[in-house]
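Please walk me through this model, one question at a time.

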Amino acid sequence: MSNVESNEDNSGLDSEAFLAPQYTLLSSEDLDSISVDKICQFFHDAAKDAIKTKDFISYSTLIDIYLSNSNNYNDDEMEKLLATLHEILRNDVEFNNNELIYEIGWDLPEVLINFIESSSFKFKSYLSNAPCIKSSLSIFDLLARYGNPKELFLKACELLSSLKCHFKENQNDKEDEQKETGDANKDEENQNEDQLNLELLVDQFSNDELKERFFDIKFHSLLELLLASLKRIHTNSPSKFLVMAITALLKLLNNNVDEILNLSFLARRLYVFARDYIPPLPLDPPKDSTFDNIYQFSEDELYLQRKLLQSFITHLAELSLKYTDLSLSLSFYSQLQLKFSLCNKPVISKSKSNKETSKNKTNNNDFSNAIQKNIRNYRSTNDEMLKEITLRLMELSQSFDLNLEEIFEADFINYSKELYLKILLEKGTLNIISNSIKDQNLREEFIIREIFRISNDDFKRNSLISMNGNGFSKKIGNDNDNDGIKLSKIGLLYICFFSFSEKLDSNEEMTKKKIISSLLNFKDVLLLSIRFLIPVLSISNDKNLTLSDFLSFRIAEKRNTVYTEIKDCILFGLWLSISRECLTNNDIKDISKDKNLRIFLKILLQTLTTIISVDEKENNIRQSIYTLIVKILSLSDEEFCWEFLKDSIEFCPYSNARIAMVGILKDLLTRNKPVIKDSISNIEENLKGMKIGENPSEEKTEILKQSQSQPPSLPPRSSKFITLTNPRLQEIIELFKRSVEETFTVSINKDDDENFTISLDLESKKSKYTNGIDENDFKLLLTYLNLLIGIKNMVPKEIIQKDVVSLIEETVKEFKEVAGKNPKENSPNVDLLLFILENFSK
C-alpha cells in the first residue's frame, strides 16, 4: 500500500495501484494488520483519485473490500469508518457537485445495512447513542438527496425484497449452550433443568427482541431511501415504478410475517406508504405548471396506479392479519348474550389464553408462564395496534374507490354460489353424476370430496402470497382481467367484515338493518363458510412441540393460530345471519331438508366441531362456537339434527367433541320449543295501531267479529327439539353400552392392519386395569349417564334398571375384583359411577 501513502504532490492513487493484487486480494490476516486510521486515509486518498480519473467503480470496489464484513471491527472502529465515509460524501456534495455520491451511491446501501446492528447496544438509551446508527442514517440521507434516484430506487427495492429478521442462528447457539451446560451439571440435571430452560428462554426472548428492533431500523432506512428516490424520478409511466415498490414491500412482509411477533410497525409504515403515495414527476412538465396540474398523466396511468394501490392495501390486510385475531365474532356474541340472553352464563369478553395449563408444556410452571407472558404481552399489544391499522385500511379502501358492499356481494356471495353451482343445480354436471350412485352414503361422500376439492383449489388461487411466498408479482398478469391486477380475496374478507362490525357498532339503525337484511342471510353465509373454512383446516399444524420448539416460541405459537382471522370473520358472519332468524323462520329448516344443501350444512357443523376440538384453545371462543352449533341444530329439521348428533357421537375422532355432542343431545331432548303465537296474539298485533274513538276499517271490524265468535284457542302443546321415539331410545342405549364396553375393555392390534375388541382373561384384564382407565372414555361414560338421568322420566323403568343400573353395577363389581382395591394413581374413581346411579331411583 505504499502507492496509497505517496505524497499529495503526486497524482495520488491511480486505479491500477489500488486495484493491484496486493490490495484487492487481501486475506483476513492482512485486514487485521491494517489499522483503521490507515483505512480511513485510503478512503480519503482514493476518493480524490476517483474524482480525478472518473474511475468510480474502482472506488466502490475499495469500499466493498474494507466494509463488506462489519464483524472485522469493534463498535468504535465501525463508527470511525462510517464517520470518515460520511465526511467524504459531504465534502463531495459541497465542493464537487455531488459527482462521487451520484456515481457510487448505488453500492452503499447494502454496505450500510450491515453496520446498523450492534451487539453492545440494548436500546436502554437514546437511539442517537447507538454505535454506527447515526452515521449510517446520515449517509442514507445524503444518498436520498444527492444519489442517482433510479439506481437507488432499484437498490432499495432489491434490499427490501431480501431483508429478513433472522433468529435461527441465535436460537441454535442457545441450544448448544443449553446442551453444554446440561452436560457440565449432569448430577444436578433433574433439579436445575427447568431453571436453566427458563433462563435460556428469557435470554432468547431478549436477544430476539433486540434483533426485531434493529430490523425495524433497517427497514425504516431502506423505505425512506425508496420514497425519497421515487419522488426525484421523472417518468411518464409511474405505474412501472409503483409496481416494483409494492412488490418489494409485500415480499418483505411475506418473508417476515412468520417470524416477527410485533408486526404492527411494518404494517403501519406500509399503510402510510399507500396513504401518502405521490407519483413521480413527469419527464417534461410545463414551465407554467402548478401543483394542481403538474401531475397530468394519462387516464390509463391514473387507473393503473389506483388499481395497484387497491391491490396493495388488500394484500397488506391479508398478510398483516395472518396471525391476528380481531375478535369480531366474540364481541358480537357478547352483545347477543347481553341483548337476547342466549345463555344463562355471564356475558364474556376476550380473556387471557388458558394455554398455560396445556398438557404439552413442561412441568415447570415458571417456564410455561414465562413463555406465555412474553408471547401474550407482545401479541395483545400487536393485535390492538393491527386492529387500529385495519380500521384505517378500511377507511383508505373507500378513498381508493372500493365499494365494500358491492365487492362483498359480487366476490363473496355471488361468486360462492357460482363456485358450487354444479352441485347446487339439480341439472348440474356433478348432480347428474351423483344421482347415478344408488347408495346414499356413497353419493354424499362423492359430493363431499368434490366440495373439498373445489374449496381448496379456489383458496390456493386467491392466496398465492401466503401459500407459497412467490410474491406479489405472481398476482399480476395471471388472470383473465384486462388489467391483470387482482385484489386479495382474503384481505377483502377481513376489511368487509370489519366494516360490517364497525357499522353495527354505530348508532344508525337503518345502516344496521341494511347490513343484516340485505347482505347476509344464512344460505349465503353457509356457502361462504364452506369456501374458506375447509382450506384453513387443511393447513397442517404440528402439535408435538419439543423444547427446541418452545425456545423458538414465535414459530410454535403462530403455527397453531394461522388464519385465525378467517375463522373469526366466518363465525361473525354466521352469528350475524342467525341473529336475524326468528324461530318461526324456516330458512335453516329448508336447507336441512334439501338434498344437496343439507350436505353443506353437515360439513359446516363438522368443521365447527373440528375447530373447537383441534385448533381453538380459548374457552370463551369454544363456548361461543358450541352455542352456535346448538342454535343451528335447534333451527334445523328434527331428523337432520338427530342424525348429525348420532353420527358425531358414534364416529367423531375427537373425544372432547363426542362428550360435547352427548351434552347437546341431552339439551335438545329435554328442552321445549318456544311457544308460537296463537291466533288471538295475531289479532292483537293487527289491532295494535288503532286509537280510541277511531272508526275501525271494514277489515279490522271483521277481525273483531271473528274474535268474538270464535272460542279461545287451546294452549299450544309443548314439544321438544328432538322427540324421543322408541328407535332413538334404543340407539341411545346401544351407544351407552358401547361406551361402557370401550371404557372397561381392551382394544388390541391384529396383523398390524385390523383393530378389534376381545374379552380378555383375568390376567389380561388385570394388566389393563393396572394401567388405569382412560380418562376421556370415563368422561364420555359420565356424560352418557347424565343424558340418561335427564330423560329417565321418558324411559320405561325396566329399561333403566336392566340396561343402565344393572350393567354399571356388574361392570364396577368385576373391575374391583380384577384390578384390586388400589388401581393406578390418577385412574378415575369408578365408585363415582355407583354414586351417580342413585339419581335413577330419585
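What follows is a set of questions and answers on the chain, some helices and a few residues.

This is a predicted model, in which local features need pLDDT of at least 70, side-chain atom pairs count only at pLDDT 80 or more, and totals for chains, interfaces and linings use all residues. Residues are numbered from 1 along each chain as its sequence is written, and side-chain values use heavy atoms, with hydrogens and water left out.

Reader: How many helices and strands does the protein chain have?
Author: Helices (H or I, at least four residues) and strands (E, at least two) are DSSP runs, numbered from the N terminus. On that basis the protein chain comes to 40 helices and two strands.

Reader: What share of the residues of the protein chain counts as buried?
Author: Buried means under 20% relative accessible area, exposed over 50%, and partly exposed in between (1.4 Å probe, protein chains only). The protein chain has 842 residues, and the buried share is 49%.

Reader: Among contacts between residues at least 6 apart in sequence, what share joins residues at least 24 apart?
Author: Contact means heavy atoms within 4.5 Å. In the protein chain, the share of these contacts that joins residues at least 24 apart is 80%.

Reader: Is arginine 531 buried or exposed?
Author: Arginine 531 sits in helix H25, residues 522-538. Beyond its neighbours within four places in sequence, its contacts include Asp411, Tyr415, Asp458 and Lys489. Its relative accessible area is 0%, so arginine 531 is buried.

Reader: How are H21 and H25 oriented to each other?
Author: Axes are lines fitted to C-alpha atoms, for helices over the stretch in contact, with angles from 0 to 180 degrees between N-to-C directions. The axes of H21 (residues 440-462) and H25 come within 8 Å and cross at roughly 85°. Angles under 35 degrees count as roughly parallel, over 145 as roughly antiparallel, 65 to 115 as roughly perpendicular and the rest as oblique. H21 is therefore roughly perpendicular to H25.

Reader: Which residues of H25 meet H21?
Author: The H21 side includes Ile451, Phe452, Ser455 and Asp458. On the H25 side are Ile530, Arg531, Phe532, Ile534, Pro535 and Ser538.

Reader: How many residues of H23 are buried?
Author: H23 covers residues 489-504 and has 16 residues. The rest of the structure largely encloses H23, because its buried residues number 14 of the 16.

Reader: Is threonine 314 buried or exposed?
Author: Threonine 314 lies in helix H15, a mostly covered helix with 16 of its 22 residues buried. Not counting residues up to four places away in sequence, threonine 314 touches Leu402, Leu487, Ser488, Gly491 and Leu492. Its relative accessibility is 0%, so threonine 314 counts as buried.

Reader: How far apart in space are lysine 387 and phenylalanine 498?
Author: Lysine 387 lies in helix H17, residues 365-399, and is partly exposed at 29% relative accessibility. Leaving aside neighbours within four places in sequence, lysine 387 is in contact with Leu326 and Phe498. Lysine 387 and phenylalanine 498 are 111 residues apart in sequence, yet C-alpha to C-alpha they are 9.2 Å apart.

How values were computed. Expected span 1.5 Å × (residues − 1).
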